[in-house]
Amino acid sequence: MQHFTGMEKKAIFAGSFDPFTAGHENIVRRALALFDEIVVGVGYNIKKKGLLTMENRVRLIRDVFLDEPRVRVETYDGLTADFCHRQGIRILLRGLRSVDDFESDRTIDAINKRLDPRIETFYLLTDPYLGAISSAVVKELYVHKADLERFMPTGIDLEKYL
């Protein structure tokens, strides 16, 4: 069993975050009760077609956490395990909306463990009222000109970041 010192009470919340949603924000804010610092790692995902540029994803997330100095936003290219190593952080934070998320994330966790056995994945269940929200859903709603207010972090207008 691993023991974590104060320096290691940092976590990385990694994803493409295109866009960052109310569900993502909820996971980070709840995790701040458990970690001293959270690095939101905005990664390039070659399988996903982007709505926002990397720069605008970062800007949106930084705007969400203007009030929270313990949240840092960084971009990365390549493997998440390598990003963890470069940041000196061994805890990955993941939000789970459903059993499907768990199955997918469990596979990713196994790969990360093979790449670096010191990486631990910490899962937080998404609050039930946010469970249906995903970046893909927000993109679909945006395309069809739906009101996004209930799906985005409070005070965030997606149009500002396009």
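## Questions and answers

Biologist: What is the phi of G88, which follows helix 3?

Modeller: G88 comes after helix 3; helices (H or I, at least four residues) and strands (E, at least two) are DSSP runs, numbered from the N terminus. This is a predicted model, in which local features need pLDDT of at least 70 and side-chain atom pairs count only at pLDDT 80 or more, while totals for chains, interfaces and linings use all residues. Residues are numbered from 1 along each chain as its sequence is written, and side-chain values use heavy atoms, with hydrogens and water left out. For G88 the phi is positive, near 70°.

Biologist: Which residues are exposed on the other side of helix 3?

Modeller: Buried means under 20% relative accessible area, exposed over 50%, and partly exposed in between (1.4 Å probe, protein chains only). In helix 3 (residues 80–87), T80, A81, F83 and C84 are buried. Down the helix axis these fall within an arc of 160°, so they line one face of the helix; the arc is that of the directions from the helix axis to the C-beta atoms. The exposed residues on the other side are H85 and R86.

Biologist: Now the sheet: what is the order of its strands?

Modeller: The sheet is open, with 5 strands in parallel pairing; two strands pair if DSSP finds at least two bridges between them. Strand 3 (71–76) and strand 5 each pair on one side only, as edge strands. Neighbouring strands are turned by 30° against each other on average, direction ignored. The order is 3-2-1-4-5.

Biologist: How many bridges join strand 1 to strand 2?

Modeller: Strand 1 (residues 10–15) pairs in the parallel sense with strand 4 (residues 91–96) over 2 bridges, and F13 stands opposite L93 there. With strand 2, G15 has V42 as its bridge partner. Strands 1 and 2 also run parallel, and the number of bridges joining them is 6.

Biologist: What angle does the direction of helix 1 make with that of strand 5?

Modeller: Helix 1 (residues 22–31) packs on the sheet and touches strands 1, 2, 3, 4 and 5; contact means heavy atoms within 4.5 Å. Axes are lines fitted to C-alpha atoms, for helices over the stretch in contact, and angles run from 0 to 180 degrees between N-to-C directions. On that scale, helix 1 and strand 5 make about 115°.

Biologist: Which residue caps the N-terminal end of helix 1?

Modeller: Helix 1 is mostly covered, with 8 of its 10 residues buried, G23 among them. The backbone nitrogen of G23 lies 3.2 Å from a side-chain oxygen of the capping residue, which is T21.

Biologist: Why is strand 2 said to be largely enclosed by the rest of the structure?

Modeller: In a regular strand the side chains alternate between the two faces of the sheet. In strand 2, E37, V39, G41 and G43 on one side and I38, V40 and V42 on the other are buried. Strand 2 is largely enclosed because the count of its buried residues is 7 of the 7.

Biologist: Which two residues does a cis peptide bond join?

Modeller: Most residues other than glycine have a negative phi, and most peptide bonds are trans. In the loop between strand 1 and helix 1, F17 has a positive phi of about 45° although it is not a glycine. P19 is found in the loop between strand 1 and helix 1 too. The cis bond, with omega about 0°, joins D18 and P19.

Biologist: How far apart in space are Y44 and G78, C-alpha to C-alpha?

Modeller: Y44 sits in the loop between strand 2 (37–43) and helix 2 (54–64), and is partly exposed at a relative accessible area of 47%. Beyond four places away in sequence, Y44 touches M54, Y76 and D77. Y44 and G78 are 34 residues apart in sequence, and their C-alpha separation in space is 7.5 Å.

Methods: Polar contact = N/O pair within 3.5 Å; in protein donor to acceptor, adjacent residues only side chain to side chain.
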